[in-house]
Amino acid sequence: MGRKGFTLIELITVIVIIGIIIGMTAPFITTMLDAWVFNRTERDIVFSGRMSMNRMVREIRQIRNASSITTFTPTEFSFLKIDNTSITFGQSGNRLLFNSDELTNKLQNPGGLNFTYLDENASITGLLNNIRMVRIRLILESGDSSLDLESLARFRNPG
Amino acid sequence: MKKNKAFTLAELAISLVIISICVFSVALMYQQASYGSFNTQVITVATGLAEETMEETLRLGYAGINSSSPVNFPAPFDSYSRQVAVHYVNPANLDAYVDPLQTEYKRVEVTVLHNAVAVATLTSLVTNYTG
(Lines give C-alpha, C1' and ligand atoms only; values in the text may rest on other atoms or scores of the structure.)
Protein backbone atom coordinates (compact mmCIF):
# COMPACT_ATOMS: atom_id res chain seq x y z
CA MET A 1 0.00 0.00 0.00
CA GLY A 2 1.50 3.35 -1.07
CA ARG A 3 1.49 5.50 2.12
CA LYS A 4 4.50 7.56 1.36
CA GLY A 5 5.88 10.50 3.41
CA PHE A 6 8.71 12.94 2.52
CA THR A 7 12.14 11.55 1.81
CA LEU A 8 15.07 13.22 3.52
CA ILE A 9 16.17 14.70 0.18
CA GLU A 10 12.73 16.31 -0.33
CA LEU A 11 12.78 17.80 3.17
CA ILE A 12 16.24 19.28 2.66
CA THR A 13 15.18 20.72 -0.70
CA VAL A 14 12.14 22.38 0.89
CA ILE A 15 14.26 23.83 3.70
CA VAL A 16 16.68 25.23 1.13
CA ILE A 17 13.81 26.74 -0.85
CA ILE A 18 12.38 28.32 2.31
CA GLY A 19 15.83 29.74 3.06
CA ILE A 20 16.07 31.27 -0.41
CA ILE A 21 12.58 32.79 -0.19
CA ILE A 22 13.31 34.28 3.24
CA GLY A 23 16.57 35.68 1.90
CA MET A 24 14.70 37.30 -0.97
CA THR A 25 11.86 38.76 1.13
CA ALA A 26 13.97 39.84 4.15
CA PRO A 27 14.63 43.37 2.79
CA PHE A 28 10.91 43.92 2.31
CA ILE A 29 10.10 42.62 5.78
CA THR A 30 12.76 44.89 7.29
CA THR A 31 11.26 47.86 5.45
CA MET A 32 7.84 46.86 6.71
CA LEU A 33 9.01 46.74 10.33
CA ASP A 34 10.79 50.10 9.99
CA ALA A 35 7.65 51.61 8.48
CA TRP A 36 5.54 50.18 11.29
CA VAL A 37 7.78 51.67 14.01
CA PHE A 38 7.92 54.98 12.13
CA ASN A 39 4.13 55.06 11.76
CA ARG A 40 3.60 54.44 15.44
CA THR A 41 6.04 57.07 16.75
CA GLU A 42 4.85 59.55 14.14
CA ARG A 43 1.22 59.03 15.16
CA ASP A 44 2.16 59.45 18.83
CA ILE A 45 4.00 62.75 18.42
CA VAL A 46 1.43 64.20 16.01
CA PHE A 47 -1.34 63.34 18.48
CA SER A 48 0.51 64.77 21.53
CA GLY A 49 1.66 67.84 19.59
CA ARG A 50 -1.80 68.70 18.32
CA MET A 51 -3.45 68.05 21.68
CA SER A 52 -0.86 70.10 23.62
CA MET A 53 -0.97 73.03 21.20
CA ASN A 54 -4.79 73.12 21.16
CA ARG A 55 -4.91 73.03 24.93
CA MET A 56 -2.42 75.89 25.36
CA VAL A 57 -4.07 78.10 22.73
CA ARG A 58 -7.51 77.58 24.27
CA GLU A 59 -6.34 78.42 27.80
CA ILE A 60 -4.30 81.46 26.76
CA ARG A 61 -7.24 82.93 24.84
CA GLN A 62 -9.09 83.17 28.15
CA ILE A 63 -6.73 85.75 29.67
CA ARG A 64 -8.63 88.90 30.63
CA ASN A 65 -5.78 91.33 29.98
CA ALA A 66 -2.03 91.80 30.30
CA SER A 67 -2.26 92.47 34.04
CA SER A 68 -3.51 88.90 34.55
CA ILE A 69 -0.05 87.65 33.53
CA THR A 70 2.21 86.65 36.41
CA THR A 71 5.26 85.10 34.67
CA PHE A 72 6.34 85.54 31.06
CA THR A 73 9.65 83.98 30.13
CA PRO A 74 10.57 82.09 26.94
CA THR A 75 10.07 78.77 28.74
CA GLU A 76 7.36 79.51 31.28
CA PHE A 77 4.07 81.36 31.13
CA SER A 78 1.73 81.90 34.11
CA PHE A 79 -1.51 83.82 34.17
CA LEU A 80 -5.04 84.06 35.57
CA LYS A 81 -7.90 83.04 33.32
CA ILE A 82 -11.12 85.05 33.08
CA ASP A 83 -12.58 82.91 35.91
CA ASN A 84 -9.46 83.68 38.06
CA THR A 85 -8.10 80.13 37.72
CA SER A 86 -4.31 80.18 37.87
CA ILE A 87 -2.57 78.49 34.95
CA THR A 88 1.13 77.77 34.40
CA PHE A 89 2.66 76.26 31.29
CA GLY A 90 6.29 75.18 31.49
CA GLN A 91 8.86 72.56 30.57
CA SER A 92 10.45 70.13 33.02
CA GLY A 93 12.91 67.77 31.36
CA ASN A 94 11.02 66.32 28.42
CA ARG A 95 7.63 66.99 30.02
CA LEU A 96 5.25 69.78 29.08
CA LEU A 97 3.44 70.82 32.24
CA PHE A 98 -0.03 72.38 32.53
CA ASN A 99 0.01 73.33 36.23
CA SER A 100 1.10 69.97 37.69
CA ASP A 101 -0.42 67.87 34.88
CA GLU A 102 1.62 66.49 32.04
CA LEU A 103 0.40 67.33 28.52
CA THR A 104 3.18 65.32 26.84
CA ASN A 105 6.51 63.73 27.74
CA LYS A 106 7.99 63.98 24.26
CA LEU A 107 9.37 67.54 24.33
CA GLN A 108 12.80 68.13 22.90
CA ASN A 109 15.05 68.60 25.93
CA PRO A 110 16.09 71.36 26.20
CA GLY A 111 14.32 73.83 23.95
CA GLY A 112 11.07 71.98 23.26
CA LEU A 113 8.87 74.86 24.42
CA ASN A 114 9.22 78.50 23.53
CA PHE A 115 6.92 81.47 24.11
CA THR A 116 7.25 84.78 22.29
CA TYR A 117 5.22 87.74 23.55
CA LEU A 118 3.76 90.14 21.01
CA ASP A 119 2.08 93.56 21.27
CA GLU A 120 -0.99 94.74 19.36
CA ASN A 121 1.10 95.33 16.22
CA ALA A 122 2.43 91.74 16.35
CA SER A 123 5.91 93.03 17.30
CA ILE A 124 7.93 91.30 20.01
CA THR A 125 7.60 93.09 23.33
CA GLY A 126 9.26 92.79 26.73
CA LEU A 127 6.73 95.01 28.47
CA LEU A 128 4.04 93.13 30.36
CA ASN A 129 1.35 95.77 29.79
CA ASN A 130 1.83 95.65 26.01
CA ILE A 131 1.36 91.90 25.61
CA ARG A 132 -1.69 91.07 23.48
CA MET A 133 -0.65 87.78 21.85
CA VAL A 134 1.55 84.80 22.64
CA ARG A 135 3.32 82.82 19.95
CA ILE A 136 3.88 79.19 20.97
CA ARG A 137 6.55 76.96 19.52
CA LEU A 138 6.57 73.25 20.36
CA ILE A 139 9.24 70.78 19.29
CA LEU A 140 8.48 67.14 20.01
CA GLU A 141 10.72 64.19 19.35
CA SER A 142 10.48 60.45 19.73
CA GLY A 143 12.77 57.88 18.18
CA ASP A 144 13.73 59.12 14.73
CA SER A 145 10.63 61.29 14.38
CA SER A 146 10.30 64.93 15.30
CA LEU A 147 7.56 67.50 14.98
CA ASP A 148 8.00 71.26 14.95
CA LEU A 149 4.76 73.18 15.59
CA GLU A 150 3.94 76.87 15.87
CA SER A 151 0.73 78.68 16.66
CA LEU A 152 -0.48 81.92 18.18
CA ALA A 153 -3.07 82.84 20.79
CA ARG A 154 -4.60 86.30 21.03
CA PHE A 155 -6.29 87.48 24.21
CA ARG A 156 -10.00 87.67 23.50
CA ASN A 157 -11.00 89.89 26.43
CA PRO A 158 -8.89 93.05 26.26
CA GLY A 159 -9.55 96.02 28.56
CA MET B 1 -9.44 1.68 1.17
CA LYS B 2 -8.97 5.50 1.11
CA LYS B 3 -5.76 6.66 -0.42
CA ASN B 4 -3.71 8.78 2.03
CA LYS B 5 -1.34 10.89 -0.02
CA ALA B 6 1.33 13.31 1.26
CA PHE B 7 2.08 16.71 -0.41
CA THR B 8 4.25 16.59 -3.46
CA LEU B 9 7.32 18.81 -3.66
CA ALA B 10 5.69 20.86 -6.41
CA GLU B 11 2.66 21.63 -4.22
CA LEU B 12 4.89 22.79 -1.37
CA ALA B 13 6.93 25.00 -3.69
CA ILE B 14 3.76 26.60 -5.09
CA SER B 15 2.42 27.33 -1.60
CA LEU B 16 5.72 28.92 -0.60
CA VAL B 17 5.63 31.18 -3.66
CA ILE B 18 2.06 32.24 -2.82
CA ILE B 19 3.05 33.02 0.78
CA SER B 20 5.99 35.12 -0.36
CA ILE B 21 3.74 37.11 -2.74
CA CYS B 22 1.40 37.84 0.20
CA VAL B 23 4.27 39.00 2.43
CA PHE B 24 5.59 41.21 -0.36
CA SER B 25 2.24 42.94 -0.92
CA VAL B 26 1.73 43.55 2.82
CA ALA B 27 5.21 45.09 2.99
CA LEU B 28 4.33 47.42 0.11
CA MET B 29 1.11 48.41 1.90
CA TYR B 30 3.08 49.43 4.97
CA GLN B 31 5.37 51.61 2.92
CA GLN B 32 2.34 53.39 1.45
CA ALA B 33 0.89 53.86 4.93
CA SER B 34 4.06 55.52 6.18
CA TYR B 35 3.82 58.14 3.42
CA GLY B 36 0.28 58.76 4.64
CA SER B 37 1.48 59.53 8.15
CA PHE B 38 4.02 62.00 6.78
CA ASN B 39 1.08 63.87 5.21
CA THR B 40 -0.63 63.92 8.61
CA GLN B 41 2.38 65.72 10.07
CA VAL B 42 2.37 68.32 7.27
CA ILE B 43 -1.36 68.95 7.79
CA THR B 44 -0.85 69.32 11.56
CA VAL B 45 1.95 71.87 11.14
CA ALA B 46 -0.03 73.75 8.47
CA THR B 47 -3.11 73.89 10.70
CA GLY B 48 -1.07 75.46 13.54
CA LEU B 49 0.34 78.03 11.14
CA ALA B 50 -3.12 78.73 9.69
CA GLU B 51 -4.49 79.39 13.20
CA GLU B 52 -1.58 81.73 13.83
CA THR B 53 -2.30 83.61 10.60
CA MET B 54 -6.01 83.82 11.43
CA GLU B 55 -5.29 85.24 14.90
CA GLU B 56 -2.93 87.85 13.45
CA THR B 57 -5.43 88.74 10.74
CA LEU B 58 -8.50 89.09 13.00
CA ARG B 59 -6.52 91.47 15.24
CA LEU B 60 -6.65 94.05 12.42
CA GLY B 61 -10.39 94.60 12.75
CA TYR B 62 -13.01 94.94 10.00
CA ALA B 63 -11.45 97.84 8.09
CA GLY B 64 -7.89 96.54 8.29
CA ILE B 65 -8.46 92.99 7.06
CA ASN B 66 -7.61 92.66 3.39
CA SER B 67 -6.54 90.00 0.92
CA SER B 68 -2.84 89.26 0.61
CA SER B 69 -0.70 87.39 -1.88
CA PRO B 70 1.23 84.30 -0.70
CA VAL B 71 3.98 85.03 1.86
CA ASN B 72 6.51 82.44 3.04
CA PHE B 73 6.78 81.73 6.75
CA PRO B 74 10.20 82.37 8.28
CA ALA B 75 12.54 79.40 8.88
CA PRO B 76 12.14 76.63 9.95
CA PHE B 77 8.69 76.78 8.35
CA ASP B 78 9.99 78.17 5.05
CA SER B 79 8.46 75.36 3.01
CA TYR B 80 5.08 76.73 4.10
CA SER B 81 3.41 79.90 2.84
CA ARG B 82 0.21 81.68 3.73
CA GLN B 83 -2.43 83.50 1.81
CA VAL B 84 -5.41 85.54 3.03
CA ALA B 85 -8.49 85.96 0.84
CA VAL B 86 -11.22 88.40 1.91
CA HIS B 87 -14.67 88.58 0.33
CA TYR B 88 -17.58 90.87 1.12
CA VAL B 89 -20.60 88.64 1.62
CA ASN B 90 -24.34 88.81 2.07
CA PRO B 91 -25.17 87.87 5.70
CA ALA B 92 -28.14 85.83 4.47
CA ASN B 93 -25.86 83.78 2.22
CA LEU B 94 -22.21 83.71 3.20
CA ASP B 95 -21.26 82.21 -0.16
CA ALA B 96 -22.68 85.13 -2.13
CA TYR B 97 -20.11 87.81 -2.88
CA VAL B 98 -21.56 91.32 -2.94
CA ASP B 99 -20.42 94.88 -3.48
CA PRO B 100 -18.39 96.25 -0.49
CA LEU B 101 -20.85 99.12 -0.07
CA GLN B 102 -23.83 96.79 0.33
CA THR B 103 -22.65 94.81 3.34
CA GLU B 104 -20.98 94.94 6.73
CA TYR B 105 -19.75 91.34 6.56
CA LYS B 106 -16.37 90.07 5.44
CA ARG B 107 -15.51 86.42 4.99
CA VAL B 108 -11.85 85.74 5.76
CA GLU B 109 -10.17 82.65 4.33
CA VAL B 110 -6.66 81.73 5.44
CA THR B 111 -4.89 79.11 3.32
CA VAL B 112 -1.55 77.57 4.22
CA LEU B 113 0.38 75.96 1.39
CA HIS B 114 3.20 73.44 1.64
CA ASN B 115 5.50 73.51 -1.40
CA ALA B 116 2.76 75.44 -3.24
CA VAL B 117 0.06 72.84 -2.47
CA ALA B 118 -2.82 74.03 -0.25
CA VAL B 119 -3.00 71.78 2.83
CA ALA B 120 -5.02 73.75 5.40
CA THR B 121 -7.78 76.32 5.01
CA LEU B 122 -9.55 78.18 7.84
CA THR B 123 -12.55 80.44 7.37
CA SER B 124 -13.95 83.12 9.67
CA LEU B 125 -16.48 85.92 9.52
CA VAL B 126 -15.87 89.54 10.56
CA THR B 127 -18.55 92.18 10.93
CA ASN B 128 -18.44 95.95 11.21
CA TYR B 129 -20.58 96.02 14.32
CA THR B 130 -19.61 99.06 16.39
CA GLY B 131 -22.26 99.00 19.10
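Trainee: Where does Asn99(A) lie?
Mentor: In this predicted model, Asn99(A) sits in the loop between strand S4 (95-98) and S5 of chain A, and its phi is near 55 degrees, which is a positive value in a residue other than glycine.

Trainee: Which loop holds Ala122(A), then?
Mentor: Ala122(A) belongs to the loop between S6 and S7 of chain A; its phi is near 65 degrees, again positive in a residue other than glycine, and at 23% relative accessibility Ala122(A) is partly exposed.

Trainee: New topic: what is the strand order in the open sheet of chain A?
Mentor: The order is S6-S7-S8 in this open sheet of 3 strands, and the pairing is antiparallel. Strands S6 (113-118) and S8 (145-154) of chain A stand at the edges with a single partner strand each, so one side of each has no neighbour in the sheet.

Trainee: And how many bridges join S6(A) and S7(A)?
Mentor: S6(A) and strand S7 (residues 133-142) of chain A pair over 6 bridges in the antiparallel sense, and Thr116(A) stands opposite Arg135(A) in S7(A).

Trainee: Which helix packs on that sheet?
Mentor: Helix H1 (residues 8-60) of chain A does, touching S6, S7 and S8 of chain A, and its direction makes about 15 degrees with that of S8(A).

Conventions
Residues numbered from 1 in each chain as written. Chains lettered and ligands numbered in written order. Predicted model: local features only at pLDDT ≥ 70, side-chain atom pairs only at ≥ 80, totals over all residues. Heavy atoms only, no water. Pairing = 2+ DSSP bridges. Helix = DSSP H or I, 4+ residues; strand = E, 2+ residues; numbered from the N terminus. Contact = heavy atoms within 4.5 Å. Axes fitted to C-alpha atoms, helices over the stretch in contact; angles between N-to-C directions. Buried < 20%, exposed > 50% of the residue type's maximum accessible area, 1.4 Å probe, protein only.
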